[in-house]
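Let's take a friendly look at how charged side chains pair up in a protein. Have the sequence and the 3D view ready as you read.

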Amino acid sequence: MILMMFTTWMDSSVAPAPTAETIEAFTERSKIWLDDHAKPLGTVTTAGDEHDVSVFRDMSHDDERALLDGLMAWQQAKFDAGFGALTSPVEWGGAALGASYERAFRSLEANYELPGHHETFSVTRYLVAPTVLAYGTHEQKERFVRRFLRTEELCCQLFSEPGAGSDLAGLSTRAVRDGDEWVINGQKTWTSGAMFSQWGELIARSDPDVPKHKGQTAFVIPMDTPGVTVVPIRQMTGGATFNEVFFDDARVPDSLRLGPVGEGWKVALTTLGFERDHSGTNDHVGGSWAQVRELAERLDATDSPTHRQALARLYTLHKVRQAHNERIQTNQRGGGTPGPEASANKLLWTRWLAAVSDVVADLLGPRIVADTGDAGSYRWNDHLLGAPGYRIAGGSDEIQHNIIGERVLGLPGEPRVDRDVPFRDVPR
């Protein structure tokens, strides 16, 4: 139903915004377009009834595919109307506008019924597309950037491995040069949406005779390449969004290498910077402040001094996150790339998720773990089970603290005895 509704809008578009357009004129034009292409939200009266509050979804394969199809159709409609890549360069279909324009559009868009959210959709638009823009050849940019920004095809991150999670530099998936091709062997894990992705950003070990950070190379690899096998991982929430990906003599042409040979670590850091930067920018992932407040009001808990204090702390964290996101977006508009401030953003995001879990669990008590038939209450169980996962995704909390400590506060770095040791000689 959602896919059919959004697909009918694909032929309707408006001209991209002129560069001199004021934020007021842009907002008015955006609202007109949204009114014509989306249904306004009704009044939310029961927390969780109209909006999903899960962090990782429990969906069937068909339902997940339908969700992604709806997201892709809506993004393509926005893109064709000039609203789908507001801060991206005009050359690749963007509008080259400031972060304030994107914030204005998102604020308006939140008032309409939309398909929802999905990790694979975000990875494609906000992580892989800008990484290709940063490191790709002109041919690669021509081939991929517009396609990924418009979500004509989807992407996944082929980074983490069973033996290389937080220490991503310790990855052992091999890429061996064979003429104009590379032969890939190894295994990746915790790959979001690999079963739905046409492309993967792969980081592999291309030289085991140099230290671990220097012997990696990045690729954009077709997921239907012979020798690539995707296996779902069932989560405790019931869903299987994550996957293992196996490579058995999978061949990828050198034309799909992303960045110089041996510079894969820099490519990976750029993508991870975008990931940490983007973490928490979608308030619909894991529920929003408005939904928590509405839950408290529905339970008549706002008169309790204890609950009011907890809600006040949560609201303060919500506003701090908003301010920090604005600072990062302003920096990027000025030509900056995600730095240590992205790690602070990631930590604020995981702290927010944990704080929401604490407040909601206190409000609901046993109703959060036992289904009493009240979907508005029990649905928060999906948040409670999924929130801890984001303490690992995109680099664990401990890694973010190290980055901030070393790069912002100037504290001594942790001892790294394998820094200058050839990867082949590192004990594993």
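## What counts as a pair

A salt bridge is a side-chain nitrogen of Lys or Arg within 4 Å of a carboxyl oxygen of Asp or Glu. The model you're looking at is predicted, and it holds 18 salt bridges.

## A pair in helix α2

Start with K31 and D35, whose side chains join in a salt bridge with N and O 3.0 Å apart. Both residues sit in helix α2, which covers residues 23-37. They are four residues apart there, about one turn of the helix.

## A pair in helix α4

Next up is R106, which forms a salt bridge with E102. Their closest N and O atoms are 3.0 Å apart. Because they are four residues apart in helix α4 (residues 99-109), about one helical turn separates R106 and E102.

What about their surroundings? R106 is partly exposed, with a relative accessible area of 26%. E102 has 18%, and since buried means under 20%, E102 is buried.

## One more pair, and a network

K266 and E263 form another salt bridge, and here the closest N and O atoms are 3.3 Å apart. K266 is partly exposed at 48% relative accessible area, and E263 is partly exposed at 27%.

Which residues are linked in a network of salt bridges? Look for D80, R150 and E152, which are connected this way.

Key
Residues are numbered from 1 along each chain as its sequence is written. This is a predicted model: local features need pLDDT of at least 70, side-chain atom pairs count only at pLDDT 80 or more; totals for chains, interfaces and linings use all residues. Side-chain values use heavy atoms; hydrogens and water are left out. Helices (H or I, at least four residues) and strands (E, at least two) are DSSP runs, numbered from the N terminus. Buried means under 20% relative accessible area, exposed over 50%, partly exposed in between (1.4 Å probe, protein chains only).
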